[in-house]
Amino acid sequence: MAMRDQHKRPSRGVLALLLLASFTIITLDARGGEDSPVDPLRAVAGNAFGPVEEMTAAVVRPFESVPGFFTTTRSLHGEVRRLEAENAALRGQLATSSVARQRAAELDGLLKSSGDTGYALVPARVVAVGPAQSFSQTVTIDAGTSSGVHADMTVLNNEGLVGRVIRADRSTATVLLIVDRDSVVGGRLGSNMEVGFLRGRGAIGDEGRLDLDLVDNAVTPARDDVVVTWGSKNGAPYVAGVPIGRVISVFSSPRQLSKRAVIDPFVDFSSLDLVGVVVRADTKGDRAVINAGETTPAGKGER
Amino acid sequence: MAAARALVLTMVITLAVVLQVALFPHLAYAGVVPNLALLVVVAAALVRGPEFAAVIGFLSGLAIDLAPPADHVAGRWALALVVVGYLAGRVRQDARTSALAAIVTVAAASFVGTSIFALSGMVLSDPAVPAVEALAVIPTAVVYDVLITPFVLPLMMRLFRRLEPHQVAY
């Protein structure tokens, strides 16, 4: 019995020590704000876990019946073809959307024709998805700083806006999905160019909706109106003109002055796989950068 | 020998954390995946007791907090799994004897762990998850953890028994 008592006492000590350590880390990270002292640790963990996650995803992927996986070059060619199609579809969507027509009417078309409208994309695949138990919607993609991917870059796929890069390690990057509760995206209504802010609801799947708060209280969004990104300076974190979703319902309450619209995103977040990260057209990296209409091989980024 | 033991433990924790984010999302139910790291901690608790499990809980929790794609305040899963390891270790005398008791322990551990994580999120507003949503996720997590228990827990317990340094019985 004496032994057991002796055995129990250090147990409390260990517990207290570990709890203290946990609280210390939480405090350091929560108080740190933008550059938290935990970030170097995160980078180390990212560089260590990223490749393992990539490997695991590569092992798991064949079981998802992805065609052409077994021959590497063929699958890469396929990927390039798919992304080209994706790019074309995306630009098609852009051209046909009412936003593009509005733009043209506003003589913005001049800018458009002058050169770089199609965004350069680095193709990447989703290798890891954060669990719902963590209450945040983030994924890991298999392109990192070695491919020219950095924090605050726009991530999209053939359907529309996916999210933005919040952290990039050597070979992987973490993407915050637009449906996350912490995500705010500047959006523009396609029919009347009104701007507003889209906030995620923290759910994916059928309930994966966004709330749109318009800046101008007098404007009522129309049903089925398309929302595209508003864009920021230098395209960080979001480039302009990427389709986000469609208005499915509009609420207005007497208590609130502005109207709130619910947006159904184009992207199916429960089955994310191939995405593109918008990079500068002259990005040099270890994988091919897909420019509008042409593919620049890895390593030779000039255009 | 101690180095080999540490290496195996590191590998087990890494595997649990990686499979949780890279393999199980394909089998997720409403985004909820089985918490493999939690099962490792419970197995450690049932075999080796509260202190060892609390240490394993701290390390695996920290791994979940830091490994991509995690983006919450670091230390939250570490805190949750330290408590889980300690509590599960305290009940091990009853739980290591029968399968049913082990499953109940896993269910309780999953409930406590996910709840502590959700609560710490509410306290830090990181993000401020409405209680209703947390309450919708937690039962699913408990059920999924219990479902995966027969495949993971016996394996992990056997591993921890093998790793246990020989000691004099008292």
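Start with helix H1 of chain B: its buried residues pack against helix H2 (39-60) and S1 of chain A, and within chain B against helix H2 (36-48), helix H3 (50-66) and helix H7 (131-163). Contact here means C-beta atoms, placed from the backbone, within 7 Å. This is a predicted model, where local features need pLDDT of at least 70 and side-chain atom pairs count only at pLDDT 80 or more, while totals for chains, interfaces and linings use all residues. Residues are numbered from 1 along each chain as its sequence is written, with chains lettered from A and ligands numbered from 1 in the order in which they are written.

Color the buried positions of H1(B), among them Leu9(B), Val12(B) and Ile13(B). Buried means 20 or more other C-beta atoms within 10 Å of the residue's own, exposed 12 or fewer, partly exposed in between, with C-beta atoms placed from the backbone. Helices (H or I, at least four residues) and strands (E, at least two) are DSSP runs, numbered from the N terminus.

Next, pick S1(A), residues 120-129. Why is this strand largely enclosed by the rest of the structure? Because nine of its 10 residues are buried. S1(A) runs antiparallel to S12(A), residues 274-279, joined by six bridges; look for Arg125(A) partnered with Leu274(A). Strands count as paired if DSSP finds at least two bridges between them. S2(A), residues 138-141, also pairs antiparallel with S1(A), over three bridges, and there Ala128(A) sits opposite Thr140(A).

Last stop: select S6-S7-S8-S11-S10-S9 in chain A, a closed barrel of six strands with antiparallel pairing.

Notes: Contact = placed C-beta atoms within 7 Å.
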